[in-house]
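Colleague: I have just opened this one and would like a walk through it. Could we take it a piece at a time?

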Amino acid sequence: MPATISTTRPGGRSARVRAAVHRAVVEFLAENPAEALTLPLIASRAGVHPTTLYRRWGSVAELMADVASSRFSGDIVVPDTGSLREDLRRWAADVATDLADPDVLALMRATIGSGPGGGCACTADRHAQLTAILDRERSRGGTAPETLHAADVLLGPLYYRAIFVGQPADPGWTAELVDTLLK
């Protein structure tokens, strides 16, 4: 029987280029306003030719969505305390902590402002985490709100406070959000 040859490379030049470009975007946004970001500037910082970026991402909006999706995927562990209320409190506090990071805020603002898909890139993993918590509660025989309602009550205020008000969310406030959801 012939051996199967894999055409997918787990690393290599492509992975190095992607990592360098992502790093260049984050560093650029830490030093400059998002409006100044262009694909040629990022290419120069990453040490690659602009054509590489245009071929792979096509636009600043697509690049920002990829960087945000990468950054916001899997960085928060979904708690499992056995209690929906406590799981949501810990999760919301972790999200609030993440949103307090100036580099995270710069990336989020730039991604949201880059195009219509920007907001989804910043929240997709959060919705998946929230769904996992709520589904787990249902599998234990408990009742849980729908994900969209939970996102409106929990993520809406957290993101609003972080992005527009610039006011940090303390653990007591995030616990109150959870209590409001579970009334």
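Modeller: Glu137 touches Leu84, Gly142, Thr143 and Ala144, leaving aside residues up to four places away in sequence, where contact means heavy atoms within 4.5 Å. This is a predicted model, in which local features need pLDDT of at least 70 and side-chain atom pairs count only at pLDDT 80 or more, while totals for chains, interfaces and linings use all residues. Residues are numbered from 1 along each chain as its sequence is written, and side-chain values use heavy atoms, with hydrogens and water left out.

Colleague: Is Glu137 buried or exposed?

Modeller: Glu137 is buried, with a relative accessible area of 14%; buried means under 20% relative accessible area, exposed over 50% and partly exposed in between, using a 1.4 Å probe and protein chains only.

Colleague: Changing topic, how many residues has the largest nonpolar core?

Modeller: That core has 49 residues, and Leu53 and Leu158 are among those with the most contacts inside it. A nonpolar core is a set of buried Ala, Val, Leu, Ile, Met, Phe, Trp, Tyr and Cys residues joined through side-chain atoms within 4.5 Å.

Colleague: And which helix gives the largest share of this core?

Modeller: H8 does, with 9 residues; helices (H or I, at least four residues) are DSSP runs, numbered from the N terminus.

Colleague: Where does H8 bend?

Modeller: H8 bends by about 35° at Leu155, with a proline, Pro157, following within four residues; the bend is the angle between axes fitted to the seven residues ending there and the seven starting there. Just after H8, Gly166 takes a positive phi of about 70°.

Conventions
Helix = DSSP H or I, 4+ residues; strand = E, 2+ residues; numbered from the N terminus.
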